[in-house]
Amino acid sequence: MTEATGQITNRRIVHLAGEIDLEHAPQVRKVLLGAVEQGRLVLVDMAGVEYIDSSGIACLIEALQESRKKNADLALIAVNPQALRVLKLARLDSVFAIHTDLTSAVQANS
Amino acid sequence: MIDSAINVTARSEPIDTLLEIRFPARVDRIKLIRPGVDASARMCGLAPTIASDVVLAVDEACQNIIVHGYKGQDGCEIALTLIRHGEGLLVELRDQAPTLDPSKIQHRALHDIKPGKLGSYFMSAIMDRIEYLPAPGGGNLLRMYKQKDGSI
């Protein structure tokens, strides 16, 4: 699992890659909650995510809930088919804002 | 040492074992079995997306064993056996954790959006049938079935 965080004005962009599973969930959770703490809008780029399980989904849910507490927004970008299928299985595809790419995510939140 | 899951229950039909492996019950070892589960599910005729779902179900079952069964204790093992079953796949997972009470297995309601307790839901949503059995000699035997046409 790899992650990198970038910042544009008050937006935080978190790039996740690899396997977002129980082994890596603590690291992902820390990165996501850190981004939520610092940004009004957190965009989670999932283009590089090869696999996600319930612990990875739990990290996303917790970050979303924290962002709502702060009146901030969190959206997912470029969710690959496996991750989207898991989100749909948990019926979370309508809970998260999901965008095809960074441009459309920024436009939707501008 | 965990005995072979294949010997736990007498079977009348021929057994076509696709994969049988024991591995340390550690979260950083689960990834090693994913390719084998995926390939075995495809060998049984399951579509690639369904095979990926089965990988997730097995992954979640292993996590439950490690976290809730063994409670993260070092030196424990999980035995995984993948068997062709009709036009589908039978997954057997055996552990030596304290005997599980299936009535205590809960997953959260999907409308209750909060982190956690999704693993058991994924298992039941993906697989056609799940059996929690006490294993002879102690521990637990989990059987999960997935048919090509969902007929179970």
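This is a predicted model: local features need pLDDT of at least 70, side-chain atom pairs count only at pLDDT 80 or more; totals for chains, interfaces and linings use all residues.
Biologist: Which helices and strands does chain B have, and what makes a stretch count as one?

Modeller: Chain B has three helices and five strands, in the order β-α-α-β-β-α-β-β from the N terminus. Helices (H or I, at least four residues) and strands (E, at least two) are DSSP runs, numbered from the N terminus.

Biologist: Why are strand 1 and strand 4 of chain B said to stand at the edges?

Modeller: The five strands make an open sheet in the order 1-2-3-5-4, with antiparallel pairing. Strand 1 (16-24) and strand 4 of chain B each have a single partner strand, so one side of each has no neighbour in the sheet. Neighbouring strands are turned by 15 degrees against each other on average, direction ignored. Inside this order, strand 2 (residues 77-84) and strand 3 (residues 88-95) of chain B pair antiparallel over six bridges, and B:Arg84 stands opposite B:Leu89 in strand 3.

Biologist: What does helix 1 of chain B touch in the sheet?

Modeller: Helix 1 (residues 30-43) of chain B packs on the sheet and touches strand 1, strand 2 and strand 3 of chain B. Its direction makes about 170 degrees with that of strand 1 of chain B.

Biologist: How do you describe the way helix 1 of chain B passes helix 2 of chain B?

Modeller: Two packed helices are described by the angle between their axes and the distance between the axes. Here the axes come within 9 Å and cross at roughly 140 degrees. Axes are lines fitted to C-alpha atoms, for helices over the stretch in contact, and angles run from 0 to 180 degrees between N-to-C directions. The crossing is right-handed; that word is used if the near helix is turned clockwise from the far one by less than a right angle, and left-handed if anticlockwise.

Biologist: Why does B:Val55 count as buried?

Modeller: A residue is buried if 20 or more other C-beta atoms lie within 10 Å of its own, exposed if 12 or fewer, and partly exposed in between, with C-beta atoms placed from the backbone. B:Val55 has 23 such neighbours, so it counts as buried. This residue is in helix 2 of chain B and, leaving aside neighbours within four places in sequence, is in contact with B:Arg34, B:Val37 and B:Asp38. Contact means that the C-beta atoms of two residues, placed from the backbone, lie within 7 Å.

Biologist: How do A:Ala78 and A:Asn71 come out, buried or exposed?

Modeller: A:Ala78 has 20 C-beta neighbours inside 10 Å and therefore counts as buried. A:Asn71 has 7 other C-beta atoms within 10 Å and is therefore exposed. A:Ala78 lies in the loop between strand 4 and helix 3 of chain A, with phi near 50 degrees. A:Asn71 lies in the loop between helix 2 and strand 4 (73-77) of chain A, with phi near 60 degrees. Most residues other than glycine have a negative phi.

Biologist: What puts the buried residues of helix 3 of chain B on the same side?

Modeller: They are B:Gly119, B:Phe122, B:Met123 and B:Ile126.

Biologist: How many residues of chain A are in contact with chain B?

Modeller: 17 residues of chain A are in contact with 18 residues of chain B. Helix 2 of chain A gives the most to its side, with five residues.

Technical notes. Residues are numbered from 1 along each chain as its sequence is written. Chains are lettered from A and ligands numbered from 1 in the order in which they are written. Two strands pair if DSSP finds at least two bridges between them.
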